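Reader: I have a model open and want to learn how to read its packing. Where do we start?

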Amino acid sequence: MSVHTHEDFLQEAIGTLRQTGVRITPQRQAILQYLIATDSHPSADEIYKALSPNFPNMSVATVYNNLKVFKESGLVKELTYGDAASRFDFDTQNHYHIICTECGKIRDFHYPRLDEVESIAAHITGYAVTHHRMEIYGVCPDCQNKNGN
């Protein structure tokens, strides 16, 4: 089994974008690198704040527009949770999220046994299932420690 580095993921993502005719700008590359390197599921504002010191001419709209391009190219998933700002995830393979109800932090976890839920749902209901999403909510260890739990 080969181990992918952040650089491997970046080059694959750039290749995907080029195949769809998307020009690779320094801002696009920086946003992609940020998404690949982080597992915090950042919002567009968080990406903007992290990158703006290196790209003073970049706007929040630039970040949003690039995230839309990445989403349309299948490189990122947009995660929406109620009224909170959308968050973006570079890992588009099937996985699940656990969300802190105190600070909003999101962590990934994999539980392969749940993958069969789609075929079971299709069998029971007759639906042509396209995808599923599961979220688990709780209080993260950092917030538990802050609250003295």
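Author: With a helix crossing. This is a predicted model. In it, α3 and α4 cross with right-handed sense.

Reader: At what angle do α3 and α4 pack, and how far apart are their axes?

Author: The angle is about 120°, and the axes lie 9 Å apart.

Reader: Why are α3 and α4 called oblique to each other?

Author: Check the angle against the classes. Roughly perpendicular covers 65 to 115 degrees, and roughly antiparallel starts over 145. The α3 and α4 pair packs at about 120°, so these helices are oblique to each other.

Reader: Which residues of α3 and α4 meet?

Author: From α3, take Ala44, Asp45, Ile47 and Tyr48. They meet Val60, Val63, Tyr64 and Leu67 of α4.

Reader: Next, the core. What is the general idea?

Author: In soluble globular proteins, nonpolar side chains tend to be buried together. Here the largest nonpolar core has 23 residues. Those touching the most other members are Ile31, Leu32, Leu35, Leu67 and Phe70.

Reader: Which elements give two or more residues to this core?

Author: Four helices: α1 (6-19), α2 (26-37), α3 (44-51) and α4 (60-72). The most comes from α2, with five residues.

Reader: Take Ile31. Which residues is it in contact with, leaving aside neighbours within four places in sequence?

Author: Ile31 contacts Ile47, Leu51, Met58, Val63, Asn66, Leu67 and Phe70. Two of these, Ile47 and Leu67, also take part where α3 meets α4.

Reader: Now the sheet. In what order do its strands run?

Author: The order is β4-β3-β5, in an open sheet of three strands with mixed pairing. Because β4 (106-109) and β5 (135-138) each have a single partner strand, they stand at the edges, and one side of each lacks a neighbour in the sheet. On average, neighbouring strands are turned by 25° against each other, direction ignored.

Reader: In which sense do β3 and β4 pair, and over how many bridges?

Author: Antiparallel, over four bridges, with β3 spanning residues 96-100. Follow the partners into β4: His97 bridges to Asp108, and Ile99 to Ile106.

Key: Residues numbered from 1 in each chain as written. Predicted model: local features only at pLDDT ≥ 70, side-chain atom pairs only at ≥ 80, totals over all residues. Heavy atoms only, no water. Pairing = 2+ DSSP bridges. Axes fitted to C-alpha atoms, helices over the stretch in contact; angles between N-to-C directions. Core = buried A, V, L, I, M, F, W, Y, C linked by side-chain atoms within 4.5 Å. Buried < 20%, exposed > 50% of the residue type's maximum accessible area, 1.4 Å probe, protein only. Contact = heavy atoms within 4.5 Å. Parallel < 35°, antiparallel > 145°, perpendicular 65-115°, else oblique. Left-handed = near helix turned anticlockwise from the far one by under 90°.
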